[in-house]
Amino acid sequence: MKNVLTAQNVKKSFLSGDVQTQVLRGVDFCVDEGEFVAILGESGSGKSTLLYILAGIDKPDEGDVKLLGESLLTLSDERLAAMRRRDFSFVYQFDNLVPNLTVYENVSLPLLLDGKKEGEIKDKLLEILEYLGLGERLSSYPRQLSGGEQQRCAIARALATSPKVIFLDEPTGSLDKERGRQVMELLIDINKRTNVALIMVTHSEAHAAYADRIVRMEDGKII
Ligand SMILES: Nc1ncnc2c1ncn2[C@@H]1O[C@H](COP(=O)(O)OP(=O)(O)OP(=O)(O)O)[C@@H](O)[C@H]1O
Ligand SMILES: [Mg+2]
């Protein structure tokens, strides 16, 4: 299995008031192509901070993060932005979608931002939206969707760019049990059909059990 993303000895601290808190205390982490990894841990243990650093959204104080052997930390801002657009996608717990864009427009946004033309992306987007059960909701606005549909739309958008890694920060956290289960079934199916690596933060042991591997964080470290 090919290693897609690796983090070595990642440290990060934040200043709150005049107190410096070390949130990540030397994290080593890696994920293979097509692997589904769940990250479990108490609130405040540093899970979201780790995801942002792995995704190149935030920078560590120490340590390194590499995509296919290339360090994100030495890239120019422009190349990092392009890598984030093409190779990574993010699904958050809430507020994933742009409220004044339709389902179709939300899903096409990352590709249009990357300079693709409407004509060349339409078939692929319709196929993804159909697959995610949103074929009838193309012109709906996010507020007209259920929580589960909104989350499926966010997953459709994450898939649209055919990324190497999708980061999911508690993707089922705002859903009821049944809708949460549906989202997990969908992630499993995506994991089987595509080569994308999934890195999912969750509070649910049951949802973590869907993953190929579970990583536990405690107090800024992986245990
Ligand atoms: N940008 C920031 N500035 C200051 N402190 C921060 C910042 N981001 C995170 N922290 C602090 O770092 C700690 C870890 O936060 P993080 O969001 O990574 O935790 P988490 O494991 O994702 O928790 P949760 O399960 O509640 O989402 C918290 O104490 C938080 O207050
Ligand atoms: Mg978090």
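Which residue stands opposite Asp-32 in β2? In this predicted model, the residue that stands opposite Asp-32 is Asn-3, and the views below begin with the strands to which this pair leads.

**View 1. Strands β1 and β2 pair as an antiparallel hairpin.** Strand β1, which covers residues 3–16, is joined to strand β2, covering residues 19–32, by eleven bridges, and the two strands run antiparallel. Two residues lie between β1 and β2 in this hairpin, and Gly-17, which belongs to the turn, has a positive phi of about 65 degrees.

**View 2. Strand β1 also pairs with strand β4.** Five bridges connect β1 with β4, a strand made up of residues 62–67, and here too the pairing is antiparallel. Within this pairing, Leu-5 is found opposite Leu-67 in β4. As a general point, side chains in a regular strand alternate between the two faces of the sheet.

**View 3. Helices α3 and α5 cross within 8 Å of each other, as judged by their axes.** Helix α3 spans residues 103–113 and helix α5 spans residues 147–160, and their axes cross at roughly 30 degrees. Because angles under 35 degrees count as roughly parallel, the two helices α3 and α5 are therefore described as roughly parallel to each other. The crossing of α3 and α5 is right-handed.

**View 4. Residues of α3 and α5 meet in a contact that includes nonpolar, polar and charged residues.** From α3, the residues Val-103, Asn-106, Val-107, Pro-110 and Leu-111 take part, and they meet Cys-153, Ala-156, Arg-157 and Ala-160 of α5. The residues of this contact comprise seven that are nonpolar, one that is polar and one that is charged.

Technical notes. Residues numbered from 1 in each chain as written. Chains lettered and ligands numbered in written order. Predicted model: local features only at pLDDT ≥ 70, side-chain atom pairs only at ≥ 80, totals over all residues. Heavy atoms only, no water. Axes fitted to C-alpha atoms, helices over the stretch in contact; angles between N-to-C directions. Helix = DSSP H or I, 4+ residues; strand = E, 2+ residues; numbered from the N terminus. Parallel < 35°, antiparallel > 145°, perpendicular 65-115°, else oblique. Left-handed = near helix turned anticlockwise from the far one by under 90°. Contact = heavy atoms within 4.5 Å. Nonpolar A, V, L, I, M, F, W, Y, C, P; charged D, E, K, R; others polar. Pairing = 2+ DSSP bridges.
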